[in-house]
Amino acid sequence: MATTLFNLCARKRTIHRLKVLLLSNIHHFNAASTSQFRNFDAPIPSFSTHFRNSRFPLRFLQSWNLSGGTTLPMRQFSDHAGDGGGEKDTAAESDYEFGKSVSFELENEVNGVSSLSGSVVVKNDDTNECNSEVDDDSVECNSNSSSSSIGRDELENNSNNNNQNSEEFASVALRDPVELYRALCDAKKGAKLERSEGEVLLEVFNYFAKSGWASNQALAIYIGLSFFPTAASKFHHFFRKKCPADVARYLVSLGPSDSAVKFLFPIFVEFCLDNFPDEIKRFRGMVEMADLTKPHTWFPFARAMKRKIIYHCGPTNSGKTYNALQRFMDAKKGIYCGPLRLLAMEVFDKVNAKGIYCSLLTGQEKKHVPFSNHVACTVEMVSMQELYDVAIIDEIQMMSDPYRGFAWTRALLGLKADEIHLCGDPSVLDIVRKICQDTGDELYEQHYERFKPLVVEAKTLLGNLQNIRSGDCVVAFSRREIFEVKLAIEKQTKHRCCVIYGALPPETRRHQATLFNDQSNEYDVLVASDAVGMGLNLNIRRVIFNSLSKYNGDKMVPVPASQVKQIAGRAGRRGCLYPDGLATTMHLDDLDYLIECLKQPFDEVKKVGLFPFFEQVELFASQLPNMTFCQLLEKFGESCRLDGSYFLCLYDHIKKIANMLERVQGLSLEDRFNFCFAPVNIRDPKAMYHLLRFATTFSQNMPVNIAMGLPRSSARNDSELLDLETRHQVLSMYLWLSNHFKQERFPYVKKAEAMATDIADLLAHSLSNANWKPLSRGTRGKPKAEKGEGQPESGNAVVLKTGKHSYLRPQALSKLYDRRRQDKPLQVDQSKKVAA
Ligand SMILES: Nc1ncnc2c1ncn2[C@@H]1O[C@H](COP(=O)(O)OP(=O)(O)OP(=O)(O)O)[C@@H](O)[C@H]1O
């Protein structure tokens, strides 16, 4: 029922949307249809190849740079045939998105048969070379291997047979696939094969059906990945019914190999064109609807402008944003786009404090300042309709973020501003240059150096918390670790700690930052996650990495060098109490990795993120009735085409929400799309429950209420603290939804804002007093029994250094370190190392 409704709504709206999209993107579709897809109706240009008289393969091969000809830009397909046996999925998926060209070097080699100065050598990768090569050497090789049993006559016979075989094989290999396919069609019956030959042939076709390379190449004739196995199976039956003896023998000689796949593929193409016109038409329609190529053409107004792009390129703390903000404040009308609410709020405060009216726009809040011509927003909220004099896109390197990258790409391509300032590290400089070539914008580069070099303190803390000093920021990569460190520091030293991590509301993070920056109180140490890397001005003297590994949702992995740099760079900012920044590690065995990371140049990003607009998904949906939204997204991912500089952003979290909302009936496609982007922690069942509840009430056309209480007092343990965090997230989600749907559907905005403020206060108060052992979300409500003083929590931590001031490291990490240590023994003179 839900699906039907969803499809009904989708179709009803599609016609109108289609018109809008076609009108606004007409150029895009034209361009795409001419350059990205082979045109089956176009006349065939003459071309010298083995595939004479071919309807399809001729064009097919032309565009794939058969013999050094031009390569048309197209979706990237894998050029490795060597992924047959069972690797299909990964190979297909990994190569699926982006168009690199494929080259068959058929001039010199045809399916394993090379024509070399008149003599023919059959190469078969999968069989013994001695048997497969038919020349003098091979005879010798044969005779060596079996000289005792084979007589001279037999040898000669073998040699003659081999020569005959090789001639026959060569003639099969060199046959025009179109002609061969026609011959197969005309044949009444295939040759009778021996059982062993039949078995090998079966293996060959199984190998073909599993070939990621073949399934990937088949996309070019609009045989989709999901249909490929069916097509391959039908092709097999057809072949077995009609196959002549010489072709069968040739295939048996090749065996289940890449050469066999390459031989069969052009025949398969002919077979598909003949037998699956409807399937091809359907998939072609889908592909055209899911065309994400040439994204710069999606923004015709921005393309009509002569925009000036200024790339402020440099490491952290080099004054990039400061300079860009000067231009922003001087402009008549400006927009700042940042990665975090926190950064947008900071710019909002800073600019208003200078007497320039500036509004604030984030997913959760709209603060309109009367008479303001400036706005500070989060990058997802940037308007593509308004005209600006100056725009800033901060942290532009986040274009390559696997989840959110599309928002930066969209802002860069679509912003209607005369002057756009990009601030970020050099990792996306090359790709921005390329994009500016496509858009026709002028690019100016301003390179920056850090105000003061960052110094690595080679001594490290040697695991001893007594070495903590005022102004230190200890960085840990999980909430649990953060509270463990805070607890240990407060227990073993006189310092008090503020904490900052991602799950805290921006207001609470700001409050903790203020507490830490303020010299008049006892909170002089900060314990923070990677959330400290962006958006807060902090008086940090030294950044200490408690560990340099983090959980990626699946396993512990080393923290990427770019992130280490970004975080370490927070030490010693210009204008703060400690202008000379220091970075070090808690434990000596992490020091090498830190030094390596800081020495690394910035990685050059090859691709930036892209994601379809709702209109594109809607258009696509019109092709696929009877599909759930989640299936639709999957199909879109499978069918979409992208240019080489772009990747499709990950959307597993969106699919998870889409799946949950599947049971909610009466939501339109657009509603589903919007609900799926709501900020929710998909690993938090309580938060997910509230999202489901909001969507259900919304679908019943009723005003959505908050239906959530407010705790009276601050948290007394970690379970209560986690509960406060979740409640704040639910309120934040409510506010976000109220800004993305009609407000009358979410009428309790004021109440939600007031509750969020109260919870932020409670959180701030709770954090000041937090002195309990942390829980992870999974163990919420089940606090572990307290252990005796100094004893590690069983199974969770090990003592790395004994003694009163030793610090316990979580066990998952210590295992990783042990492994790393085994891989690379610690250098004794490590402490002498100093890096700048
Ligand atoms: N010319 C300047 N005069 C006074 N203060 C400055 C100047 N340039 C930068 N600053 C200050 O130096 C600090 C770092 O500058 P800014 O935030 O612009 O660096 P950044 O390169 O953008 O670093 P990040 O990427 O870490 O934000 C800020 O506090 C900023 O106010």
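## Domains around the ligand

In this predicted model, the shell around the ligand takes at least three residues from domain 2 (295–447) and at least three from domain 3 (454–599). The shell comprises 14 residues. Among these, N317, K320, T321, Y322 and R570 are the closest to the ligand.

Sorted by class, the residues around the ligand are 6 polar, 5 charged and 3 nonpolar.

For T321, an N or O atom of the side chain is 2.4 Å from a ligand oxygen. R570 also contributes its side chain, with a polar atom 2.9 Å from an oxygen of the ligand.

How much of the ligand's accessible area does the protein cover? On its own the ligand has 620 Å² of accessible area, and the protein covers 78% of this.

The site that holds the ligand is the second largest pocket.

Methods: Residues numbered from 1 in each chain as written. Predicted model: local features only at pLDDT ≥ 70, side-chain atom pairs only at ≥ 80, totals over all residues. Heavy atoms only, no water. Near = heavy atom within 4 Å. Polar contact = N/O pair within 3.5 Å; in protein donor to acceptor, adjacent residues only side chain to side chain. Areas by Shrake-Rupley, 256 points an atom, 1.4 Å probe, with all protein chains shown as cover. 1 Å grid on protein atoms, 1.4 Å probe; cavity = no way out; pocket = protein on both sides within 12 Å on 5 of 7 lines; lining within 4 Å. Sits in = over half its atoms within 2 Å of the grid points. Nonpolar A, V, L, I, M, F, W, Y, C, P; charged D, E, K, R; others polar. Domains from an automatic or database assignment.
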